[in-house]
Amino acid sequence: MSDLRYKRLAYVALRVSDLQRSRSFLKDSVGLDEGAPASDGLHFFRCSQDHHNVIVRQGDGPELERVAFEMESAGELDKAADYLRSIGIEVTEVDTRERMVLHQGRSLRFTEPNTELTIELIESMEQLPQPFVPTVSKIVRLGHIVVSASDHREAIKFFTEHMNFKISDAVGEWVTFMRCFPNPLHHSFAIGAAPENRLHHVNFMVTDLDDIGSAANRLKRSNVPIVFGPGRHPPSGSVFLYFLDPDGMTFEYSYGMEEFPEVGARGGRVLPPKIESFDYWGGEPPDPRFAKVGRIVPAIEHQS
């Protein structure tokens, strides 16, 4: 068992089939800021003062390349490297040139063996001098990412035993919600059960309940498919709205989320595996396209 400590979910890296179309979607429909210049085929988007919270690059199709977590300190990064290597996980240092492109401090990568997802652990990220200015929705942060896995039990075991993620809640064996301890948010990562390893969805948290309602109307007017919601999740208490990007990957806006103290937090609950465990409001079930697109693929090594 590890006792690693994290600060937060830092960013997600995606590959898309049509780069220009996806750039327009992320800026105009989601409301992210392309605040830093593109470099080496990477396009950087943010919803905070970070250099980036989402990276997109041109690929063969909708794909999830990696997920990055910021550690609580440089010492925690060293501890993570030592621990993961001690259990037989190959850990790679991100080279200096790539870190300069990414505007990050020291960074490590490894592949989680069950999901085949590339995980990046970072010491720090450059803060841009200009604050993030919300546009179409008042986004406050990259909230969480959820993946689906064919061997979800072993994947959950890896993240809880070897990465010190804490289970906040589960809906049967359908999905397990975890927080990167001691980050207080109900979940920054979750794993669902599926026949294959793939992206489930990427979440952005907004500041106002009205953002959810106005986004539903705005996205409908723009012919962006809404695939679940608006509704309210029983596990976290979040009000949600799920919609699709041009490649069919699922994105989410959410408002409100339970937060956990570092000490004395409640135990994780197991809710019954039924649609009512996902929506207090009793809305329509998810569209069949919900959470179906986004292969998990090996990370591309930086080209010197």
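**Rings, charges and strands**

A: In this predicted model, the charged end of Arg179 is placed over the ring of Phe260, at 4.0 Å from the ring centre.

Q: And which ring does the charged end of Lys166 sit over?

A: That is the ring of Phe181, where the charged end of Lys166 lies 5.2 Å from the centre.

Q: OK, switching to ring–ring pairs, how many aromatic pairs are there?

A: The count comes to 20 aromatic pairs, taking ring centres within 6.5 Å as the rule. For Phe159 and Phe165, the centres are 5.4 Å apart and the planes make an angle of 45°, so this pair is classed as tilted.

Q: Are those two buried or exposed, starting with Phe159?

A: Phe159 is buried, its relative accessible area being 0%, and Phe165 also counts as buried, at 2% relative accessibility.

Q: What about Phe243 and Phe251, how do their planes lie?

A: Their planes are at 25° and their centres 6.4 Å apart, so Phe243 and Phe251 form a stacked pair, given that planes under 30 degrees apart count as stacked. Phe243 is buried, with 0% relative accessible area, and Phe251 is buried as well, at 2%.

Q: Back to Phe159 and Phe165, which residues are in their cluster?

A: Ring pairs connect Phe159 and Phe165 with Tyr6, Phe69, Phe110, Phe158 and Phe189 in a cluster.

Q: Now the strands: why is β9 called largely enclosed?

A: Strand β9 covers residues 165-171, and five of its seven residues are buried, so the rest of the structure largely encloses this strand.

Q: Which way does β9 run against β10, parallel or antiparallel?

A: The two strands run antiparallel and are joined by six bridges, with β10 spanning residues 175-180.

Q: Last topic, Ser22: where does it lie?

A: Ser22 belongs to helix α1, which covers residues 19-30, and Ser22 counts as buried at 2% relative accessibility. Leaving aside residues up to four places away in sequence, Ser22 is in contact with Val16 and Asp247.

Conventions:
Residues are numbered from 1 along each chain as its sequence is written. This is a predicted model: local features need pLDDT of at least 70, side-chain atom pairs count only at pLDDT 80 or more; totals for chains, interfaces and linings use all residues. Side-chain values use heavy atoms; hydrogens and water are left out. Rings of Phe, Tyr and Trp (its six-membered ring) pair if their centres lie within 6.5 Å; planes under 30 degrees apart count as stacked, over 60 as edge-to-face and the rest as tilted. Buried means under 20% relative accessible area, exposed over 50%, partly exposed in between (1.4 Å probe, protein chains only). A charge sits over a ring if NZ of Lys or CZ of Arg is within 6 Å of the ring centre and within 35 degrees of the ring normal. Helices (H or I, at least four residues) and strands (E, at least two) are DSSP runs, numbered from the N terminus. Contact means heavy atoms within 4.5 Å. Two strands pair if DSSP finds at least two bridges between them.
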